[in-house]
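Hello,

Here is the structure we discussed handing over. My notes on it follow below.

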Amino acid sequence: MEEMILKLKQEIIEVLNLEDVKPEDIDNDAPLFGEGLGLDSIDALELIVLMEKNYGIKLQDPAKGKEIFKSVNVMADYIQKNRTK
Amino acid sequence: MQEKIKVLSAKQISVQKPLCEEWMDSPEACSGQYARALDPDFRQFISAGESRRLGKLLKRALATSLSALADGGIANPDAIVTGTGFGSIENTELFLDALVRDGEQMLKPTQFMQSTHNTASSLIGINTVSHGYNSTYSQKGLSFDSALYDAWLQFRLGRIGNALVGAHDEMSPVFSTFMRKAGHVKDGETCSEAAVSVLLEAGGERPAMCTLEDLKIVNRPTSGELEEIMSGYDPDAVMTGRSGNAENDSWYSFLRSDVPQLAYKPLFGVSFSSSALGFYASACCLKAGRIPSVLNGGNGDIACRKGILVVNVVEGRHHSFALLKPVCGR
């Protein structure tokens, strides 16, 4: 799981172009939106694309994103359980 | 009587050192098939958080705009008018690559948003909290001239008191080869990038670089019409788009041979926004009171007293004329 979390953090940094952020700067349990990383709705769309492209997870209900993108830990757990590639 | 239109400030990011006029005496070499612009440290203009979604073109547009506004002493311009040939072409290229590679199901929203041509003008409007006139012109090599002409008309109609006019084009290595194949960049020319912002004001007491006395855009003029247009001007020199390419340079053969003809393209390269660099370079010369030797084929400086006529000819058909004059009493 740790390897998965590190990979996911690297992917988030790359896809959201977080130039000054390193994987170790992202707290596994900190909220990705609002406080924490301070991401916004466009970032949510980027993360939906990331999950589909890299893990084959097609989010049918975008409203679910609020729960899935709560933190890196929650996101990684959801990916582990639902990935098709 | 209509107020004179003054050029308060002008800033560039190009193959020359950015946001300064070092090129007048110590130019960087501009050669080869393709040359990228030299970027400033963008963090002095935008935070890392704000800039993470912005491509090069948008960062450059913001940097030249904020710098010109700061220099000119205007925070929120009445109008923002922008010219761009291709807009954020690098993002467009990434977006199209993804479209081909991944299909239409997994496209990145940021690249899609930046694929529109009017992103630069709107970003400047949002960043400077300017809710006035905001427009973008995409007319190949006449984009800046068209944007400037729009601002000129808005001034003449009394609708605005000041305007930020810019031209911004970036160029990827792949797209530079397309530019050459399509004939927009010719043999002997360096395909490059340009971001220029110019702040204009009608009247007022603010110090200025020069005044914009006249502006014309003429399509397919006859030789008689060109002769008549030129007879109305008596500048120190003409800033031409001569590049060293025979076909391109032949478009300027109507110019009087007894008036010095300057060339900015060998210094800055060629892009759809390069005519803005001709305008910018002319304003810098008038501010300095001299035309540096680098614009004059190395034949020595020229004193600048009467003004500079900036002439841009696109595809041998579209002609623009901008007459810049020194500020009176300086």
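**Helix H5 of chain B**

In helix H5 (residues 119-127) of chain B, the buried residues are Thr119(B), Ala120(B), Ser121(B), Leu123(B), Ile124(B) and Gly125(B). Please keep in mind that this is a predicted model. Several elements of chain B cover the buried residues of H5(B). They include helix H2 (56-72), strand S2 (79-83), helix H4 (109-113), strand S3 (133-137) and S4. Just after H5(B), the backbone has a point to check: Val129(B) takes a positive phi of about 50°.

**Phe144 of chain B**

Next, one residue in detail. Phe144(B) sits in helix H6 of chain B. Is Phe144(B) buried or exposed? Phe144(B) has 35 other C-beta atoms within 10 Å, and 20 or more count as buried, so Phe144(B) is buried.

Which residues does Phe144(B) contact, once its neighbours within four places in sequence are left aside? They are Gly83(B), Ala167(B), Ser273(B), Ser275(B), Ala276(B) and Phe279(B). Val81(B) is 63 residues from Phe144(B) along the chain. Their C-alpha atoms are separated by 8.9 Å.

**The two domains of chain B**

Across the boundary, 45 residues of domain 1 of chain B are in contact with 36 residues of domain 2 of chain B.

Which elements supply the domain 1 side of chain B with at least two residues each? They are strand S1 (5-13), helix H6 (143-156), strand S4 (162-169) and strand S5 (194-202) of chain B. H6(B) gives the largest share of that side, 6 residues. By class, the side of domain 1 of chain B that touches domain 2 has 23 nonpolar, 12 polar and 10 charged residues.

**Chain A**

Now the other chain. Chain A has 4 helices and 0 strands. Along the sequence, its pattern reads α-α-α-α. The radius of gyration of chain A is 12 Å, close to the 12 Å that the globule rule gives for 85 residues, so chain A is as compact as a globular protein of that length.

The C-alpha trace of chain A spans about 30 × 25 × 20 Å along its principal axes. Of the 85 residues of chain A, 22% count as buried. Take the contacts in chain A with a separation of 6 or more: residues 24 or more positions apart account for 60% of them.

**H1 and H4 of chain A**

One helix pair in chain A deserves a line of its own. Two packed helices are described by the angle between their axes and the distance between the axes. Helix H1 (residues 2-15) of chain A and helix H4 (residues 72-82) of chain A have axes that come within 10 Å and cross at roughly 110°. That angle makes H1(A) roughly perpendicular to H4(A).

Which residues meet there? From H1(A) come Met4(A), Ile5(A), Leu8(A) and Lys9(A). From H4(A) come Val72(A), Met75(A), Ala76(A), Ile79(A) and Gln80(A). By class, this contact of H1(A) with H4(A) has 7 nonpolar, 1 polar and 1 charged residues.

**Between the chains**

Last, the interface. How many residues of each chain take part? Here 11 residues of chain A are in contact with 8 residues of chain B. The side of chain A that touches chain B has 5 nonpolar, 1 polar and 5 charged residues.

Best regards

How values were computed:
Residues numbered from 1 in each chain as written. Chains lettered and ligands numbered in written order. Predicted model: local features only at pLDDT ≥ 70, side-chain atom pairs only at ≥ 80, totals over all residues. Contact = placed C-beta atoms within 7 Å. Nonpolar A, V, L, I, M, F, W, Y, C, P; charged D, E, K, R; others polar. Axes fitted to C-alpha atoms, helices over the stretch in contact; angles between N-to-C directions. Parallel < 35°, antiparallel > 145°, perpendicular 65-115°, else oblique. Rg over C-alpha atoms; globule rule 2.2 N^0.38 Å. Buried ≥ 20, exposed ≤ 12 C-beta atoms within 10 Å, placed from the backbone.
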